[in-house]
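User: I would like to go through some of the labels attached to this model and see what each one rests on. Please set the values against the cut-offs as you go.

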Amino acid sequence: TSAQEAARAMPWKVSDAPDGYVQQLLRAIMGFTLTIDRLEGQWKLSQNKTESDRDGVKAGLAEAGALDVVDLMK
């Protein structure tokens with residue numbers, strides 16, 4: 001989170017999570033190996049959200065410097 005949240009005015013830290021939340025998540029982590037034969041992708045840019053939600057996503061992305069993604073959402 002320190003790398004991903006650094007540019008924000010109020011960066012979120014793992015220590016901001018509620019008591020026990022991280023420990024609960026850690027118990028659910030399981031490692032595995034996966035062989036990739038091919039990749040297929042699809043853009044998921046909040047198309048199913050309301051206009052106000054999309055505006056909030058675009059504002060957050062712009063604040064983080066992800067203007068290329070903001071352009072794709074337009």
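User: Why is the contact between D16 and K13 called a salt bridge?

Analyst: In this predicted model, the closest N and O atoms of D16 and K13 are 3.8 Å apart, and because a salt bridge requires a side-chain nitrogen of Lys or Arg within 4 Å of a carboxyl oxygen of Asp or Glu, the pair qualifies.

User: What makes D16 and K13 buried, partly exposed or exposed?

Analyst: Buried means under 20% relative accessible area and exposed means over 50%; D16, at 39%, is therefore partly exposed, and K13, at 45%, is partly exposed as well.

User: Why does the pair of R8 and E63 tie together parts that are apart in sequence?

Analyst: R8 lies in the loop between α1 (2-5) and α2, whereas E63 belongs to helix α3, so the pair links parts that are 55 residues apart in sequence. R8 is partly exposed at 32% relative accessibility, and E63 is partly exposed at 46%.

User: How do you know whether L34 is buried or exposed?

Analyst: The relative accessibility of L34 is 62%, which is over the 50% cut-off, so L34 counts as exposed. L34 lies in the loop between α2 (21-27) and α3 (51-63), and together with F32, I36 and L39 forms a nonpolar surface patch with about 550 Å² of accessible area.

How values were computed
Residues numbered from 1 in each chain as written. Predicted model: local features only at pLDDT ≥ 70, side-chain atom pairs only at ≥ 80, totals over all residues. Heavy atoms only, no water. Patch = residues over 30% accessible without salt bridge, like charges linked within 9 Å, V, L, I, M, F, W, Y side chains within 5 Å. Areas by Shrake-Rupley, 256 points an atom, 1.4 Å probe, with all protein chains shown as cover. Helix = DSSP H or I, 4+ residues; strand = E, 2+ residues; numbered from the N terminus. Buried < 20%, exposed > 50% of the residue type's maximum accessible area, 1.4 Å probe, protein only.
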